[in-house]
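Look at the sequence and structure, then read the points below.

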Amino acid sequence: MVRTPTLWEETAALMGGVAALPEDVSALEALAADLPPDAASLLKGFTNPHYVKMSIVGLKIFNTALTSILERRAQGKKVAFYCFNFPRELLDAMDMAPVCTEAAGIIPVLALGCEQYIDAPINAGLPDSICGGHKASVGMIIEEAEMKPDVIINAGPGSCDPNAKLHEWMAETWEVPIFNLDAPYYHDERSFQYYRREFRRMVEGLEGVTGQKVDYDRLREILENSNEQVELYWEIQELKKAKPYPLSNIYCVLVELMKYIWSGRPEAVEYFKIARDTAKDLVAKGEGAFPNQRARTLWTYSGVYFDMELFRWLEQVGVAFVQDCFGWYPDKVIDTSSIDTMIEGLADRTLNQPMTRQHKGAWDGPAGWAEDMMFLSKELDIDACIYSGNLACKQTWGCLRLITDKLKNELGIPTLRLETDILDKRITPGSVIKEQIEEFISTLG
Amino acid sequence: MVTKEAEELTQICETLSNPYLEDWKKEGGKIVGYACTYVPEEIIHAAGMLPYRIRGTGCVGTSLADTWLTRIANCSFARSILELALTGEYDFLDGVVFNNGCDHTRRGFENWKAQQNTPSFMYMLPVPHVITDDGLQWYREEVNSFKDAMEQSFGIEIKDEKLKEAVKVYNETRSLLKQLYELRTQKNPPISGAETLKILLASVSMPREKFNQLLRELLIEIRSREGISDYRARLMLVGSINDDPELIELIEDIGGLVVTDSLCFGARFFWDLDEETGDPMDSITARYYYHIPCPRMYGALPQRLDFLMSAVKEAAVDGVILQSIKFCDLHGVENVLEQKALEKAGIPTLKIEREYGPLADTGRFRTRVQAFLEQIGK
């Protein structure tokens, strides 16, 4: 009997063409023309002429990451699912096959569209108010049992109920061990110390359950790469301040994917270097990444991912996607001189991951959502904010008015409120989102 | 015959305020509202104040609250509480304490706190989401900070002897409520689920010593009742928060007698006792931290299932209703896990999503329960 390829295998096969692409827009466009609509839309998001090299490296990483997981799994390595707010570097150093739960679903959605997978968890009885990012991943495993993990790391407790609860459901349903990392409510030294102990408890447990130890020499090597990423990230943050805006909108999306699926790998470093060099070059020439720039926007949640073409469309209408909350990584370089400094550095970095950092505590607390969005608005000279209101995201919806009022009253920055599912195009289609953004931008003057 | 005690205790829940609270205020007493089973009431009691469990009673719409907590993503219980706060219904509170219990309520608290006319004491008492030694230590420190904040804000001292007294008073309530729950396990329970909830609501809405006295007297009367025999099925109610006796009446009106529960306005709230020896702060902290865990506590599903299964067995239930308020993912997901465990054990279940209180779709709920009763052959 012929085995049906899994969704990931199908995605990897579909994306295979990217690996051989030359670095020019016409090649990307030609490939897009041969692909089904969702995959074509995905590629069209990457067609800023200045950033083709960066885009192709990013797209290749999609494929490399998928292929690597499939290969590692075939070699019998343990498949470890982790939330996007957890550093994959540790799992890489344990020689596992690390799978970011959200990316596991997002990548196939971007490439293939896969509404049937989004619906599967609802058919299994789960509430329809859980996050689209999880629905797709959970649905994939409901449909394709062979993709199930061997172990789960749940970094959601404290910052997002549906995220954390879904990971618990996965562990119980598939009968795999889970390690819960409890994010404390505050963001002070006491909290960091608590979280470091949580992190150590998790590492010990993970080693015990999987029988796979952390290879600290390998971890040092990986962290040195991710430290280089961090330095490049900060350099690019400085370049973002330039006017006209020198980065392609797709940069921010790929930053997140680099973090979720390939952080600590040389290819991710290469991605940041290309982005930095391209932006630097444009700044030196006094040019922007796209012409006729009208507004610099801060997306106070994330982007909308089901229609990647949106990011290129924004450029075409003069809107810069300067920053989003999920792409805000106030990471520090990790001291790799000892095992302790590496583990503590990773723990500290985890507590500063998007969502954990902003939403574990009060909306207006230290490192809370308001503080970060106010800081970014000022730092990056933002004209307008856009909240891509993911309907599953109760903790942001629950304080949205507080933060939009603060941005407006204290900085004079208006916020557009979208109601959507960042992964499911059936809730609010891309066409409606574009109309709303156009109308909003036209009010800015 | 309805006794005076029964009448008093079952009427208190009908409104947010009640004559006991009015008398308490008239005598210069302070009332501190709290919203979750992880807030140690004993500390408030030992401070000489009246701990009052915040609820959504009497809310007839959420138009104001919806401009802060959105109706497209936030739960109707949290919105109802906020509505009552915004419309001044909670003006009798001198202080408010919330936990980071769930995303809806913690944000509800923040929206409340951000308003201009709030009680002067608005306090967040964070609780870890895991049950570990380290988590206990964290919580202990938080409970200490809460006590310190109460002392500072109200200019009082909370003494150990008062804490010890509070432990005794609250343990008595828990023991009395347990007796009440034990009576419900009888073949012909002398009390309905709706009446039980009303009594529970009274316990958190009036001076506790007075409540204990009334419940002691009422228990004597309840024991003498003939018992309810004309029911079709013995049911257990689990899931999202419910402070609405009408929801249970809806079930009981069509013959489903609610004989036990796993709810935070229910067994989960009073089941465990404080240790009465040793340091009272240690005892209180441990009791609240380790009590039957809410679904917000990760890694604690086995404890929740143990309690669920033992309650099913003790009360000889015919079926379990697993309900969740729309957008309550903690219970929405938990219910799927509990349903699986119950069905594996051969216990019939009804899993249903609902809205809270004034927004409830009661007709649909009633029909689904009716269908469930028929499905289980009752």
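This is a predicted model: local features need pLDDT of at least 70, side-chain atom pairs count only at pLDDT 80 or more; totals for chains, interfaces and linings use all residues.

The second largest cavity holds about 280 Å³ of space.

**Second largest cavity**

- Its lining is made up of 23 residues, and A:F84, A:E102, A:I106, A:F326 and A:I422 are the closest to the centre.
- In chain A, the helices α6 (101-112), α8 (132-143), α9 (161-174) and α12 (250-262) are the elements that each give two or more residues to the lining of the second largest cavity.
- Helix α12(A) supplies four residues, the largest share of this lining.
- By class, the lining of the second largest cavity has 16 nonpolar, five polar and two charged residues.

**Largest cavity**

- The volume of the largest cavity is about 350 Å³.
- Lining the largest cavity are 23 residues, and those nearest its centre are B:C102, B:T105, B:I241, B:C264 and B:H331.
- Two helices of chain B, α5 (103-113) and α14 (329-344), each contribute at least two residues to the lining of the largest cavity.
- The residues lining the largest cavity divide into 13 nonpolar, seven polar and three charged.

**Number of cavities**

- How many cavities of 30 Å³ or more are there? The count comes to 18.

Note on methods: Residues are numbered from 1 along each chain as its sequence is written. Chains are lettered from A and ligands numbered from 1 in the order in which they are written. Side-chain values use heavy atoms; hydrogens and water are left out. On a 1 Å grid over the protein atoms alone, a cavity is a set of points where a 1.4 Å probe fits but cannot get out, and a pocket is an open set with protein on both sides within 12 Å along at least five of seven lines; lining residues have an atom within 4 Å of a point. Grid points are joined across faces, edges and corners, and a volume is the space filled by probe spheres set on the points. Ala, Val, Leu, Ile, Met, Phe, Trp, Tyr, Cys and Pro count as nonpolar, Asp, Glu, Lys and Arg as charged, and the others, Gly among them, as polar.
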